[in-house]
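Hi everyone, thanks for making time.

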Amino acid sequence: MLELKNVTKSFGSLVAVNDISFSVNNGEIFGLLGTNGAGKTTTFRMIMGLLKPNAGEITWNGEIIDFKKTDDIGFFIEERSLVPKLTVYKQIMHYARLKSMEPKIIEERLDYWLDRFNVPEYKHKKIKELSKGNQQKIQFISAIINNPKLLILDEPFSGLDSINVELFVEVIREFQKRDAIIIFSSHRIDHVELFCEKLIFLQKGKPILNGFIEDIKDQYKKKTIKIGGKVDVEKLKAIKGVVSVTENLNELSLSIESDAIAKDVFNYIKTCDVINKYSLEKPSLNEIFINKVGASFDE
């Protein structure tokens, strides 16, 4: 288990991370989220042992993370960390040797992953000769070549098309099944909801949301009702507790104050002749984020 307890990190008068706590069990994918300057990168660096917190404690299986444990860590950072003039082979060989891997094992795994990502012909090409998407594949391979038990992924899907996103997803799920701890960051809320059971939202270093996603959604009072059919919009708007009614192409979307209002809406719906859809839905993470900070997380 990875555990952060009351972790704070300052740089002079700037408090980059302010008293955050969370834990991630083996086989879990945890979302570490925040807008630019929220403290994500600082938190990643502390988890990897590159920075020490000013206060609090970070442990992995009960022990402080230090350079002795780096062989079991893989990380993918948003900024490119590839050397353009090196070949793919030399780049991966360099990274993997830093993880105490033997050359024969490195090459075997490199060949496997190049085949898996449909780029075996790039083995001896220079990084600068590859497209952005293919460079991303190589960087991902560099993060997983050592079969990490702790995998940190910062914006792994940035710039990828949908086919390659699915390929990355498949591989990440495999590491999850191997019981790896995975810390995942993305500006795409849909990616977070696709992967993560738990998350922490940081804003200016402070947590504004923290816990299981389903619990966070349950605790958020406002819900949405989707209705399809012939209804009187004005009558829906008149129901106490209906915040707004949005008319879409084939359905209405009602924002309601709480679950309790759904019963009143349903009682009205039962009086209508033609109803082909009635669905009470939890809010999206982006809706909750907007409510907390007044802006969309995806902006």
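First, some housekeeping. This is a predicted model, so local features need pLDDT of at least 70 and side-chain atom pairs count only at pLDDT 80 or more, while totals for chains, interfaces and linings use all residues. Residues are numbered from 1 along each chain as its sequence is written, and side-chain values use heavy atoms, with hydrogens and water left out.

Okay, the overview. The protein has ten helices and 14 strands; those are DSSP runs, H or I of at least four residues for helices and E of at least two for strands, numbered from the N terminus. Its C-alpha trace spans about 75 × 45 × 30 Å along the principal axes. Of the 299 residues, 48% are buried, meaning under 20% relative accessible area with a 1.4 Å probe, protein chains only.

Now find helix 3, residues 103-116. Its 14 residues reach 20 Å from first C-alpha to last, close to the 20 Å expected at 1.5 Å a residue (the expected span is 1.5 Å times one less than the number of residues). Which residues of helix 3 are buried? They are Ile106, Leu110, Trp113, Leu114 and Arg116. These sit on the same side of helix 3, because they cover an arc of only 150° around the axis, taken from the directions from the axis to the C-beta atoms. As a reminder, an α-helix has 3.6 residues a turn, so residues three or four places apart point the same way. What covers them includes helix 2 (88-98), helix 4 (132-144) and helix 5 (162-177), where contact means heavy atoms within 4.5 Å. Just past helix 3, asparagine 118 has a positive phi of about 65°.

Over to helix 2. Val88, Gln91, Ile92, Met93 and Ala96 are its buried residues, and their cover includes helix 3 and helix 4. Just after helix 2, serine 100 takes a positive phi of about 65°.

Last stop: the largest pocket. It is lined by 22 residues, and Met48, Leu50, Phe75, Ile77 and Lys99 lie nearest its centre. A pocket here is an open set of points on a 1 Å grid over the protein atoms alone, where a 1.4 Å probe fits, with protein on both sides within 12 Å along at least five of seven lines; lining residues have an atom within 4 Å of a point. Which element gives the most to that lining? Strand 6, with four residues.

Key: Buried means under 20% relative accessible area, exposed over 50%, partly exposed in between (1.4 Å probe, protein chains only).
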